[in-house]
Amino acid sequence: MFLAYLRFYLKYLFLELLLRRKIEKEKLFDVELRLLEYLDFICMFEEIFIRQVYFFKAVKNKPLIFDCGANIGISVI
């Protein structure tokens with residue numbers, strides 16, 4: 001996960017900051033995402049997959065989870 005995070009961040013630094021090219025798409029776990037702001041995507045990725053703020057120990061093997069968020073669903077992916 002950390003290598004994916006590093007790749008996203010370096011891509012952001014090079015394309016958006018250095019070359020001033022807006023990144024509008026990214027592939028995450030074979031799912032293509034359309035993005036408004038690439039830096040927001042990086043922050044969400046870090047929060048969910050690096051810092052694991054949504055991690056919990058499930059009591060059942062297949063817990064029922066409701067995602068009622070108002071964003072693009074990265075936590076569900």
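Buried means under 20% relative accessible area, exposed over 50%, and partly exposed in between, with a 1.4 Å probe and protein chains only. The model is predicted: local features need pLDDT of at least 70, side-chain atom pairs count only at pLDDT 80 or more, and totals for chains, interfaces and linings use all residues. Residues are numbered from 1 along each chain as its sequence is written, and side-chain values use heavy atoms, with hydrogens and water left out.

Q: What pattern does the chain follow along the sequence?
A: Helices (H or I, at least four residues) and strands (E, at least two) are DSSP runs, numbered from the N terminus. The chain has two helices and two strands. Read along the sequence, the pattern is α-β-β-α.

Q: How many disulfides does a search of the whole structure find?
A: A disulfide is a pair of cysteine sulfur atoms within 2.5 Å. Cys43 is partly exposed at 44% relative accessible area, and Cys68 is exposed at 72%. The number of disulfides found in the whole structure is zero.

Q: How many aromatic pairs does the structure hold, and what is the angle between the planes of Phe41 and Phe45?
A: Rings of Phe, Tyr and Trp (its six-membered ring) pair if their centres lie within 6.5 Å; planes under 30 degrees apart count as stacked, over 60 as edge-to-face and the rest as tilted. The structure holds ten such pairs. Phe41 and Phe45 form a tilted one, 6.3 Å centre to centre, with an angle between the planes of 50°.

Q: What separates Phe41 and Phe45 along helix α2?
A: Phe41 is buried at 0% relative accessibility, and Phe45 is buried at 0% as well. Both also belong to one aromatic cluster, which includes Tyr38 and Phe49. Because they are four residues apart in helix α2 (residues 38-50), the separation is about one helical turn.

Q: Which residue has a side chain joined to that of Glu26 by a polar contact of 2.5 Å?
A: Glu26 is in strand β1 (residues 25-28) and is buried, with a relative accessible area of 5%. Contact means heavy atoms within 4.5 Å; not counting residues up to four places away in sequence, Glu26 touches several residues, among them Arg7, Lys11 and Tyr38. A polar contact is a pair of N or O atoms within 3.5 Å; within protein, one must be able to donate a hydrogen and the other to accept it, and residues adjacent in sequence count only if both atoms are side-chain atoms. The residue joined to Glu26 at 2.5 Å is Tyr38.

Q: Where does Phe29 lie?
A: Most residues other than glycine have a negative phi. Phe29 has a positive phi of about 55° although it is not a glycine, and Phe29 is partly exposed at 41%. Its place is the loop between β1 and β2 (31-34).
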